[in-house]
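This report looks at aromatic side chains and their surroundings. Please keep the sequence and the model in view while reading.

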Amino acid sequence: AAMTESRFYANHGTTISELSELLSIAEYRLRAMINQELGYRNFNQFLNEYRIEEASVRLISEPKLPIITIALDVGFKSLSSFNRAFKEKHQKTPSEYRSKPLKP
């Protein structure tokens with residue numbers, strides 16, 4: 001709920017210690033959950049999954065909104081970091097995805 005309802009992932013510079021404090025879970029336990037139970041390499045990969053998910057929807061539903069605006073709004077610090085993470089997830093740039101979205 002902290003990730004989806006309050007969009008915790010969209011806060012710039014957010015840290016795992018802030019999330020652990022918000023959830024009242026020891027940081028080492030949260031880190032273990034993210035890495036071992038959920039299978040993410042690290043906290044940034046975990047955050048980026050939520051960020052890319054929202055960005056993917058918005059790229060299609062808000063076609064006139066500049067890509068950089070979406071990238072910054074979902075929590076990325078720069079367009080280059082957004083492009084890199086997006087391409088890793090979808091094997092397409094955000095522009096390519098917007099013009100030809102992946103089929104479900």
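Is Phe 82 buried or exposed? With a relative accessible area of 0%, Phe 82 is buried, a term that stands for under 20% relative accessible area, with exposed meaning over 50% and partly exposed lying in between (1.4 Å probe, protein chains only).

## Basis of the values

This is a predicted model, in which local features need pLDDT of at least 70 and side-chain atom pairs count only at pLDDT 80 or more, while totals for chains, interfaces and linings use all residues. Residues are numbered from 1 along each chain as its sequence is written, and side-chain values use heavy atoms, with hydrogens and water left out.

## Aromatic pairs

The structure holds 7 aromatic pairs, where rings of Phe, Tyr and Trp (its six-membered ring) pair if their centres lie within 6.5 Å, and planes under 30 degrees apart count as stacked, over 60 as edge-to-face and the rest as tilted. One of them joins Phe 46 and Tyr 50 edge-to-face, at 5.4 Å centre to centre and 80 degrees between the planes. These two residues are 4 apart in helix α3 (residues 43-61), and are therefore separated by about one helical turn; helices are DSSP runs (H or I, at least four residues), numbered from the N terminus. Phe 46 is buried at 6% relative accessibility, whereas Tyr 50 is partly exposed at 24%.

Phe 76 and Phe 82 also pair edge-to-face, because their ring centres are 5.2 Å apart and their planes lie at 65 degrees. Phe 76 is buried, with a relative accessible area of 3%.

## Cluster and charge

Ring pairs link Tyr 9, Tyr 40, Phe 43, Phe 46 and Tyr 50 into a cluster. Arg 51 lies over the face of Phe 76, 5.5 Å from the ring centre, the criterion being NZ of Lys or CZ of Arg within 6 Å of the ring centre and within 35 degrees of the ring normal.
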